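Subject: Structure handover, with notes on its cavities

Hello,

Here is the structure I promised to pass on.

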Amino acid sequence: MDLDLNALSTNEIERRLRDFFSGRIANPNPEELIYSVKELEARFSGFNEYQFAKAAVLVQACDFAGALELLVRLARQLPSDSRILHRLAITHLNIGSAQAAQDTYLSALGVAPKSENLRREFAGLLRVMEAKKLHAGVNGKKHGLSVVCAIKNEADDLLEWLHFHRLAGVDHFYLYDNESTDETRTVIESFPWPEMITYHYVEGDFGQMRAFHHAIDSYRNSSEWCAFIDADEFLYPVEGDSIKDVLEDVSSAPAVAVHWLNFGSNGHEERPRGLCIESFTRRAPDDFPDHYVMKSIVRPDAIVAYLHPHQSLVLGCYVQEDGTPVFPIGGRCSAPKRRKLAINHYYTKSRQQLLKKRERGRPLGEGDPERIRAMEFFTLRDRNDVEDLTIQKFLPELKRLIHS
């Protein structure tokens, strides 16, 4: 950043620094960000915008104590800057300091009372705090692991998906059916364990976020863990037989990041006769960009707000499968791990299924230009470079259950 510090006023330098960092803080690679910040330290460390950016980088590197020190100092110097107070509140959340986060949110709302993000997150924090008080010492959890999923016209592989996740350790399903016109309801009713499913039929533009928010508000204290996944995603333990065994090793964490493996069409033009996990065995290489995308298994009583379908804001810190703290950005992590848990993402399937999926569209408003994605979006993800049969350890029992 080539600025002549003598030729510009302090306010102008602060503005330039703010513009410079604003597009970089969302980079999900903390090592790159730390390097960028360190390069500028000698010249700009005395400026507030530099310190604010440095704090953001420390948060993304999970150095919450270091970030907290910087943000507290900045908040004292600039008590009317709601950005600083908001980031300070989130840092308190990451550390697990609910009361400190509440006080900071109140200060931030005093400065920016109309901020929707602040109001939503503050309300979520109050619900978390109240739920913890109401259920303190009460062992009333019904399910060890639940799945929340929004579905629409997913009849083709839904029965397999239900059976598979039951085999992998799921105890309950919260399904939100957004006006399916195929056999989705019939498939759900054919599942041999109806007590495992809570079914909601919802009308109108009811996307994933509304489903997730409803599930959090309605079933916050009904499960120890909730996985928020889609019907084309198969979550499974890479080692062992149960997802819950892996979660036992990170039992003190509020949320776990689990990463995608992107599977292609295997060259199928039409829907194959075999099961999904049997028919689509080839995936993209390990360094494929979508493999940095994660989904969440979360303790629902710790959820402050769901940020988007891949990631929530929780009281505490996300971890990876081995317990390593991680701060996802936009549903991505810089160093994905899949030795214990993975999600096989059968995004394209056969060309016939791909076209059907594209025609169905995304869960967005009718006039939204992003509702129907360009064909290139799908074809770029039809990668079949690597054969991966890891998930097929479940195949014999899965076949037996479905065909019986």
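First, the term: on a 1 Å grid over the protein atoms alone, a cavity is a set of points where a 1.4 Å probe fits but cannot get out, and lining residues have an atom within 4 Å of a point. Grid points are joined across faces, edges and corners, and a volume is the space filled by probe spheres set on the points.

This is a predicted model, in which local features need pLDDT of at least 70 and side-chain atom pairs count only at pLDDT 80 or more, while totals for chains, interfaces and linings use all residues. Residues are numbered from 1 along each chain as its sequence is written, and side-chain values use heavy atoms, without hydrogens or water.

Two cavities reach 30 Å³ or more.

The largest cavity holds about 200 Å³ of space. It has 16 lining residues, and Glu154, Asp156, Lys349, Gln353 and Arg360 are the closest to its centre. Helices H8 (155-167) and H13 (351-360) each give at least two residues to this lining; helices here are DSSP runs (H or I, at least four residues) and strands likewise (E, at least two), numbered from the N terminus. By class, the lining has eight charged, five nonpolar and three polar residues (Asp, Glu, Lys and Arg are charged; Ala, Val, Leu, Ile, Met, Phe, Trp, Tyr, Cys and Pro nonpolar; the others, Gly among them, polar).

The second largest cavity holds about 40 Å³. Its lining residues include Val148, Tyr174, Arg220 and Pro300. Helix H10 (208-219) and strand S4 (223-228) each contribute two or more residues, with the largest share, three, coming from H10. Eight of the lining residues are nonpolar, one is charged and none is polar.

Best wishes

Terms used: 1 Å grid on protein atoms, 1.4 Å probe; cavity = no way out; pocket = protein on both sides within 12 Å on 5 of 7 lines; lining within 4 Å.
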